[in-house]
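Please look at the sequence and the 3D model together, and take a moment to turn the model before reading on.

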Amino acid sequence: QVQLVESGGGLVQPGGSLSLSCAASGSIYSIVAMAWYRQAPGKQREQVARITSTTTNYADSVKGRFTISRDNAKNTVYLQMNNLKPEDTAVYYCKIDLIPSTSWAPADYWGQGTQVTVSS
């Protein structure tokens, strides 16, 4: 079994900063990629940022404002969000692509989601 636990999020004024984290635990053989998605009301879920051992990618809407990072020893991915805008308001989800040690088959796991609200 693999579990993902997200933390962070909350209410912040425009221009402010927030940090999210997502820790994976359980029967993990290796992690292939870690990513953050978000879903605003009435909109489709979109990928915000993704990180592998060699690459980092960002959605155009967050480039220069958000930073994704990972701690391999802790199986944790972070999202530092700066200069937040009202349009960043959404539920943020982490997704981790990994190989479980129980099945050896690659699988995607999702966090429970955390609300980020940017409002004055």
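This is a predicted model: local features need pLDDT of at least 70, side-chain atom pairs count only at pLDDT 80 or more; totals for chains, interfaces and linings use all residues.

What follows is a walk through this structure, beginning with the whole protein.

How does the overall size of the protein agree with that of a compact globule? For 120 residues, such a globule would have a radius of gyration near 14 Å, and the protein, with 14 Å, agrees with this expectation. Taken along the principal axes, the box that the C-alpha atoms fill is roughly 45 × 25 × 25 Å. Of the 120 residues, 41% are buried, a word that here stands for a relative accessible area under 20%. The protein exposes about 6300 Å², and carbon and sulfur atoms supply 48% of that area. Contacts also link parts of the chain that are separated in sequence: among those between residues at least 6 apart, 56% join residues at least 24 apart.

We can now turn to one sheet. Strands of a sheet pair through backbone hydrogen bonds, and the pairing can be either parallel or antiparallel. In this protein, an open sheet of 4 strands is arranged in the order β1-β3-β8-β7, and its pairing is antiparallel. Strand β1, covering 2–8, and strand β7, covering 66–71, each have a single partner strand because they stand at the edges, so that one side of each is left without a neighbour in the sheet. On average, and with direction ignored, neighbouring strands of this sheet are turned by 15 degrees against each other.

Within this sheet, strand β3 (residues 18–26) and strand β8 (residues 76–81) run antiparallel and are joined by 6 bridges. To find a place where the two strands face each other, look for L20, which stands opposite L79 in β8.

The last stop is Q3, a residue that lies in strand β1. Is Q3 buried, partly exposed or exposed? With a relative accessible area of 37%, Q3 is partly exposed, because this category lies between the limits of 20% and 50%. Leaving aside residues up to four places away in sequence, Q3 touches A23, A24, S25 and G26.

Conventions:
Residues are numbered from 1 along each chain as its sequence is written. Side-chain values use heavy atoms; hydrogens and water are left out. Two strands pair if DSSP finds at least two bridges between them. Axes are lines fitted to C-alpha atoms, for helices over the stretch in contact, and angles run from 0 to 180 degrees between N-to-C directions. Buried means under 20% relative accessible area, exposed over 50%, partly exposed in between (1.4 Å probe, protein chains only). Contact means heavy atoms within 4.5 Å. The radius of gyration is taken over C-alpha atoms; the globule rule is 2.2 Å times the number of residues to the power 0.38. Accessible areas come from the Shrake-Rupley method with a 1.4 Å probe; for residues, only the protein chains shown count as cover.
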